[in-house]
Amino acid sequence: MFKKTLLATAVLVFGGFAINASAATQPTSFAVTATVINDCVISSTNIAFGNYDPTVATVITAQGAVTALCTMGDVVSVGLNQGLTPGTGSTAAVPVRQMVNGTNDLPYHIYIASSGTTEWGTGTVGTNEPAAQTSASVLIPLSFVTYGSLPAHANVPAGSYSDTVVATVTY
């Protein structure tokens, strides 16, 4: 009996009203922002001359590279320091680079082109370096080829010679 009374009461209470479902709208806006940073991811490959025979009368060459993956529109240039043990008379404009093995020095050159005529400088004013490149896409790295050469007939004893050169990328 209780169920019938409750149902009848609910019909009486809500039965006389029509429920309208109406909605109002109100627009709003918000900003979407981002700041693109100016950045380059730098890497390099070694110049590896391999075995060098000072009795052979030819210049030995090898290549490496400095690459830069930069923000689109960056103008990128690369300078190379004089290495760990610059030779006598070495300047920023005309670096005299040399590899060492103990107290023995083996001179070498890094050029800006395969022609081997212009030494790659340190990037300071008045030094030579490859033409700057402009990054067109963050998907395509810029490549600066390093053209190394060893002179013919270097008067040095046998052994493993090495140097470390620091590339400074400006963007």
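Select threonine 71 and isoleucine 37 to start. In this predicted model, a polar atom of the threonine 71 side chain lies 3.0 Å from the backbone oxygen of isoleucine 37. Threonine 71 is found in the loop between S2 and strand S3, the latter covering 75–80. Is threonine 71 buried or exposed? Its relative accessible area is 16%, and threonine 71 is buried because buried means under 20%. Now show what surrounds this residue. Setting aside neighbours within four places in sequence, threonine 71 is in contact with Val36, Ile37, Asn38, Asp39, Ser135 and Val138.

**The disulfide**

Next, select cysteine 40 and cysteine 70, and show their side chains. These two cysteines form a disulfide, with 1.9 Å between their sulfur atoms. A disulfide is a covalent bond that joins the sulfur atoms of two cysteines. The structure holds one disulfide. Which parts of the chain does the pair tie together? Cysteine 40 lies in strand S1 (residues 40–45) and cysteine 70 in strand S2 (residues 60–70), so the link ties together parts that are 30 residues apart in sequence.

Look along the S-S bond. The angle about it is 115°, and the link of cysteine 40 and cysteine 70 is right-handed. Both ends can then be checked for cover. Cysteine 40 has a relative accessibility of 9% and counts as buried. Cysteine 70, with a relative accessible area of 2%, is buried.

**Valine 59**

Move to valine 59, in the loop between S1 and S2. Valine 59 has a relative accessible area of 51%. It is exposed, because exposed means over 50%. How far apart are valine 59 and serine 149 in sequence and in space? They are 90 residues apart in sequence and 6.6 Å apart in space, taken from C-alpha to C-alpha. Apart from residues up to four places away in sequence, valine 59 touches Ser149, Leu150 and Ala152.

**Threonine 146**

Select threonine 146, which has its place in strand S7. At 5% relative accessibility, threonine 146 counts as buried. What else does threonine 146 touch? Not counting residues up to four places away in sequence, its contacts include Ile47, Ala62, Gln63, Gly64, Val66 and Leu80. Ile110, Tyr111 and Trp120 are also among them.

**Histidine 153**

Go on to histidine 153, in the loop between strand S7 (142–150) and strand S8 (167–170). Histidine 153 is not a glycine, yet it has a positive phi of about 60°. With a relative accessibility of 45%, histidine 153 counts as partly exposed.

**The salt bridge**

Now select glutamate 119 and arginine 97. Their side chains meet in a salt bridge, at 3.2 Å from N to O. Where do the two partners lie? Arginine 97 is in strand S4 (residues 97–101) and glutamate 119 is in the loop between strand S5 (104–111) and strand S6 (133–134), so the pair ties together parts that are 22 residues apart in sequence. Both glutamate 119 and arginine 97 are buried. The count for the structure comes to one salt bridge.

**The whole chain**

Clear the selection and switch to a cartoon view. The chain has one helix and eight strands. Starting at the N terminus, the order of elements is α-β-β-β-β-β-β-β-β. The chain has 171 residues, of which 27% count as buried. Now consider contacts between residues at least 6 apart in sequence: 72% of these join residues at least 24 apart. With a surface view on, the chain exposes about 11,600 Å², and carbon and sulfur atoms supply 60% of that area.

**Confidence**

Last, colour the chain by pLDDT. The mean pLDDT of the chain is 87, and 87% of its residues reach 70 or more. Select residues 1–12 to end the tour. Over these residues pLDDT stays under 50, and the model has two contacts for them beyond four places in sequence. Where pLDDT is low, the predicted coordinates should not be read in detail.

Notes:
Residues are numbered from 1 along each chain as its sequence is written. This is a predicted model: local features need pLDDT of at least 70, side-chain atom pairs count only at pLDDT 80 or more; totals for chains, interfaces and linings use all residues. Side-chain values use heavy atoms; hydrogens and water are left out. A disulfide is a pair of cysteine sulfur atoms within 2.5 Å. Helices (H or I, at least four residues) and strands (E, at least two) are DSSP runs, numbered from the N terminus. Buried means under 20% relative accessible area, exposed over 50%, partly exposed in between (1.4 Å probe, protein chains only). Contact means heavy atoms within 4.5 Å. Accessible areas come from the Shrake-Rupley method with a 1.4 Å probe; for residues, only the protein chains shown count as cover. A polar contact is a pair of N or O atoms within 3.5 Å; within protein, one must be able to donate a hydrogen and the other to accept it, and residues adjacent in sequence count only if both atoms are side-chain atoms. A salt bridge is a side-chain nitrogen of Lys or Arg within 4 Å of a carboxyl oxygen of Asp or Glu. pLDDT is the predictor's confidence in each residue, from 0 to 100.
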